[in-house]
Structures are given as C-alpha cells and as structure tokens.
Amino acid sequence: MAQHGYDTGRLNLPFVGHCTFAKQPICTDLAKIDADVAVLGVPFDMGTQYRAGARFGPRGIREASTLFCFGHAGAYDHEDDVVYLPTEKVRMVDAGDVDMVHTDTMTCHRNTEAAVRQILKAGAMPLCLGGDHAIHAPVIAAFSEEKPVHIVHFDAHLDFVDERHGVRYGHGNPLRRASEMAHVQGMTQLGIRNVSSSNREDYEAARRAGSAILSVRDVRRLGTAGTLAKIPAGKRYYVTIDIDGFDPSIAPGTGTPSHGGFLYYEVLEILQGLARQGDVVGIDLVEVAPHYDPTGITCFLAAQILMNFLGFIFQARHERRVSA
C-alpha cells in the first residue's frame, strides 16, 4: 500500500490545478483509454420540461470533486477500516465532455452513445456526469453489446413517459426507453414520490415491464437490508442517480426539486450494499444545476456520493478476487 506523501513533492491542494474529476489525468482520446474508470461529462439539458441549467452540472461536479481527490494514496474510512481508491489499484481518467450540438437532441444522444461505447470497448467503467436525465437513454443504449444489466434508479420521478407531442427522448422518458432494450433485464426505481412526471398508466406500464417501484417512505420502512432484498442479487447493475432523489434541503441545485427525498446515508448505504451483492458496471448522475444553489452543496453532494460509490465498487471487486 502506497503511503501518503504530503511531505514530498507537490501538496496539490483542492484549489490548485485543473478541475478534472478528482484531479485525475485527462484522456480525451477515447481510443487510448487505459483505466478502470473513465469519467465522461454529458452537458445536455435540452430535455428539461421546467428549469434548464444542468448543462453546467459536469463542470460543477468536477470542481467540487477536487475536495475529495485524496491525492496521494486513497482515502481511509475509519468506520469500515478500509483505504478506498488506492492509487496503485484503481486507475481513473477524465475523458472530457461529449460534444453537444445546440437544439439537436438526437445528434447529442448519438454522440453520447458513441462515446460510451468507446469507453466500454476500452474495458473501462463509464461514470457519466449529466446533464439532465435524458442522457440516460443513450448511455444505457451503449451497453447493447455487453452482458445484460439490471438498472437501479434513484429519483423523485418515474421518468417512464412514452411520448408527449412527439417527444420520446426528453428527461421524462429515459427509463421507458431503457425498458425497451433487450439488454436491460429489470429495474428497481427508488425514491419515487408525490406529484410525479408520470400518470397511473405509466406506473402500470413500468410494473408490466418488470420494474419494482419503492417510494422514500417504502425504503425507510424496509430499511437498507430490506430494500436491498428487493433488488435481485448477483446481477450486473447499472446505477442512475437523479440528484432530485435527494431532499432539496441537501440538494437544492436541481431543476425539479421535490420535497420528502432521501438523505445522504439512506442512499450511500444502499449503494454500498449494491456493490457487495452484485457488480456495478456503469453509473450516471444527472440533473445537477449549479446555478440554483449558490452554496455549492449540491455539487459537493454529487461528488462525494460518487467518490464513495467508486470506492465501494472497487473494494468489493477486490474482496471477491481475494476470496475466490
């Protein structure tokens, strides 16, 4: 295990240097990725039905992530007695942003899908920073040549609208589009609550497609273990996190806030359990709109949850290799 080297070389404090995700090296030539994780910004917010601004989410999350970059040798968690993300064992790169063509949704989605396909071809796990939730559809489409996945979805909204006025690829549609893909074999949707983006027919369609839907209150009644028991074990998980799944008291920087949401540890403990009971193969985190949050806590929340989740994923993979 590498030792922290604060007494030698650059101190590299969070406010020094370039704002790549977790201050990791840049690799914008996707054909040359050689890493375990490739972080990809998808600054698309033309799918929104209310407040735009999530196009600035990737920049905001990257800047906040510099606080959690750990720099020299990983991050020690005293509760778990584990050093997460040791630099000699987990390699990350920041792959930059997908090119966006303003007002052209389908070109943006094609560019996104193509970029994620290249990351997967390189053998890296894609971690996509949105952008609004519309980006999930092209990202999950890129997994079509991979083994099947089970989607775990954190959100206030079901996002299972089929079509409205010809719109099929906005931020209210992505889980419906995902359910139509042969490589998506089930989904669990957590945090869905209150007045939502979908009507009764959409909920019925989601259940017919094999979705298990749990509200925040359902999750609290079940607890972490009970919630995890509702998610099929031993699967390849793709996790999509809409920041409005969290309560706006801790995540105000989003376009469609919905009170009654999750608190930090409610989500974190489920993510840790997922990493242990299956293999997480892809992540997107969406709907961070920094301009609605002058304090910056929404970006810090997004960065912190992602850094911890990555730590859990690779620690669980390490433990499975050791016990095999």
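Let me start with V239. Leaving aside neighbours within four places in sequence, V239 is in contact with V152, F154, L271, L274, V280, G282, I283, D284 and F309; contact here means heavy atoms within 4.5 Å. This is a predicted model, where local features need pLDDT of at least 70 and side-chain atom pairs count only at pLDDT 80 or more, while totals for chains, interfaces and linings use all residues. Residues are numbered from 1 along each chain as its sequence is written, and side-chain values use heavy atoms, with hydrogens and water left out.

Now the cores. A nonpolar core is a set of buried Ala, Val, Leu, Ile, Met, Phe, Trp, Tyr and Cys residues joined through side-chain atoms within 4.5 Å. Buried means under 20% relative accessible area, exposed over 50%, and partly exposed in between, with a 1.4 Å probe and protein chains only. The largest nonpolar core has 55 residues, and F154, V239 and L310 touch the most other members. Helix α8, residues 297-323, gives the most to this core, with 13 residues. Apart from it lies another core of 42 residues, among them V116, A124, V149 and A178. In soluble globular proteins, nonpolar side chains tend to be buried together.

Next, helix α7. Helices (H or I, at least four residues) and strands (E, at least two) are DSSP runs, numbered from the N terminus. Helix α7 covers residues 264-277, which is 14 residues, and reaches 20 Å from its first C-alpha to its last. That is close to the 20 Å expected at 1.5 Å a residue, where the expected span is 1.5 Å times one less than the number of residues. Buried residues in α7 are Y264, V267, L268, I270, L271, Q272, G273, L274 and A275.

On to the backbone. Which two residues does a cis peptide bond join? They are G130 and G131, with omega about 20 degrees. G131 sits in the loop between β5 (125-130) and α3 (136-141).

Two residues other than glycine have a positive phi: D81, near 55 degrees, and E287, near 70 degrees. D81 lies in the loop between β2 (75-77) and β3 (82-84), and E287 in the loop between β10 (279-286) and α8. Is each one buried or exposed? D81 counts as exposed because its relative accessibility is 56%, whereas E287 counts as buried because its relative accessibility is 2%.

Last, F15. This residue lies in the segment before β1 (37-42). F15 is exposed, with a relative accessible area of 70%.
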